[in-house]
Amino acid sequence: MSFMKQDIKKSKHSNLCKGFTLLELLVAITIFSIAIAMVSYSFKYSLNIVKYVNFSYAKDLRNFSKFRDSIDSLYFFMKQKENNILGPWDAFKFLFEGNEKQFTYVSAKPVIFKKRDIVLVRVKFDDNKLILQEYPIYDKNVDYKNPTFDWVNPPSVVILDGIKDIKITYIKDGVEKFSLKNNIPDAIKITVRYKNRKEETLFFKIKSNAYYKSIIGENVYERI
Amino acid sequence: MKKNSGFTLIEVLLSLIILTVAIVTINIAFKQFTTYKIKFDKYKKIYRTTLSIKDMIETKELVDGLKEYGELNGLHYQYSVKLVNKNRNFEEGEASIGSNIGDFEIYLFKITLLVEGRKYEFYETRYKKIKTFKPM
């Protein structure tokens, strides 16, 4: 009996200690490493989906591009002058008003009201953002002769975000001005200081050749 | 027996595989995201700055042979201006038939702009009023 017990114990012990050989382990690890390598290789190429992820800053750039188009299409809109006493020739002034933090103009390329011909646009620095607001000019209950932002919260689009400070200047006849009213500048310069201490200077030329047209126009009028 | 039992080799290897795949995936995705972000930021900066430089040049007085260098938003640029063509508007004089008394000139300039080694070419038209003899 004692021998039998010893045999059983031995057999149990031998079963417990039985494991994989080094060769088996190496083969198994090699196969799995190849599998991992193949999976990772395929993932490397399949993960190009990142390209199509809509980055938040892609939207910013799109809005910025639209904003540039809006300024490019600045419309030389004449508004009726307040308290007109000097006669009809002095009755109209260009609708443009700007200071260091915001400016207002009329654009022929709306960003928000896409189906409109021309819109009143206000670009302003508000709550660490540079935003663009629009207001349709030829609309019900709108005084198209002297349009103003009547809405409390007009629809807006964020152009630049994360701004600490902003400075807007207007270039007219080669001179940089901090404010401009009833006159169209040659270009608008926006200096932006971001929260991450980066600084960016942006120029926007008013593309319309109204200045040159006026030179030609003068000649035409002289002939008549 | 139960206390001493552990994972089998297959279990361990499978879990290792899953873990490796997860790590590899996350790593590659993160690397790609970073690469695209850097590329996109660079593109955004060059795009905005180049358009700004172009607009800045267009506000300046253009002269044939003008060459300037500068820096905007950390990007170096240089541009040169070349007069392509110059024409005067035609207006027939009354006294001598065939003579032109048009009093403004039209200039076509070609501007070559280099921003960080990238070359751009664009054209700009300018007008200038000139004095001419006009019969009263």
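Which residues does A:Val106 touch, not counting residues up to four places away in sequence? The first legend answers this. Residues are numbered from 1 along each chain as its sequence is written, while chains are lettered from A and ligands numbered from 1 in the order in which they are written. The model is predicted: local features need pLDDT of at least 70 and side-chain atom pairs count only at pLDDT 80 or more, whereas totals for chains, interfaces and linings use all residues.

**View 1. A:Val106 and the largest nonpolar core.** Leaving aside residues up to four places away in sequence, A:Val106 touches A:Tyr75, A:Phe77, A:Leu95, A:Ile118, A:Leu120, A:Val121 and A:Ile137. Contact here requires that the C-beta atoms of two residues, placed from the backbone, lie within 7 Å. The largest nonpolar core has 40 residues, and A:Val106 is among those that touch the most other members, together with A:Tyr105, A:Val121, A:Leu132, A:Ile159 and A:Ile188. Such a core is a set of buried Ala, Val, Leu, Ile, Met, Phe, Trp, Tyr and Cys residues joined through C-beta atoms within 7 Å. A residue is buried if 20 or more other C-beta atoms lie within 10 Å of its own, exposed if 12 or fewer, and partly exposed in between, with C-beta atoms placed from the backbone. By that count, 21% of the 224 residues of chain A are buried.

**View 2. The six-stranded sheet of chain A.** Chain A has four helices and twelve strands. Helices (H or I, at least four residues) and strands (E, at least two) are DSSP runs, numbered from the N terminus. Six of the strands form an open sheet in the order β7-β6-β5-β4-β3-β10, with antiparallel pairing. Two strands pair if DSSP finds at least two bridges between them. Strand β3 (residues 97–98) and strand β4 (residues 102–107) of chain A are joined by two bridges in the antiparallel sense, and A:Glu97 stands opposite A:Thr104 in β4(A).

**View 3. The loop around A:Asn182.** A:Asn182 lies in the loop between β10 and β11 (187–194) of chain A. Because A:Asn182 has 13 C-beta neighbours inside 10 Å, it counts as partly exposed. Not counting residues up to four places away in sequence, A:Asn182 touches A:Lys93, A:Phe94 and A:Phe96. From A:Asn182 to A:Gly98 the C-alpha to C-alpha distance is 9.3 Å, although the two are 84 residues apart in sequence.

**View 4. The sheet and helix of chain B.** Chain B contains one helix and four strands, which follow the pattern α-β-β-β-β along the sequence. The strands form an open sheet in the order β1-β2-β3-β4, with antiparallel pairing. The edges are β1 (67–72) and β4 of chain B, each with a single partner strand, so one side of each is left without a neighbour in the sheet. From one strand to the next, the twist averages 25°. Helix α1 (residues 9–59) of chain B packs on this sheet and touches β1, β2 (75–88), β3 and β4 of chain B. The direction of α1(B) makes about 150° with that of β3(B); axes are lines fitted to C-alpha atoms, for helices over the stretch in contact, and angles run from 0 to 180 degrees between N-to-C directions.

View 5. Strand β3 (residues 104–115) and strand β4 (residues 118–129) of chain B run antiparallel and are joined by twelve bridges. B:Phe104 stands opposite B:Lys129, and B:Thr112 has B:Glu121 as its bridge partner. Two residues lie between the strands of the hairpin, where B:Glu116 takes a positive phi near 50°.

**View 6. Where chain B touches chain A.** The contact takes 27 residues from chain B and 30 residues from chain A. On the side of chain B, α1 and β4 each supply at least two residues, and the largest share, 21 residues, comes from α1(B). By class, this side of chain B has 15 nonpolar, six polar and six charged residues. Ala, Val, Leu, Ile, Met, Phe, Trp, Tyr, Cys and Pro count as nonpolar, Asp, Glu, Lys and Arg as charged, and the others, Gly among them, as polar. The model scores ipTM 0.71 and pTM 0.71.
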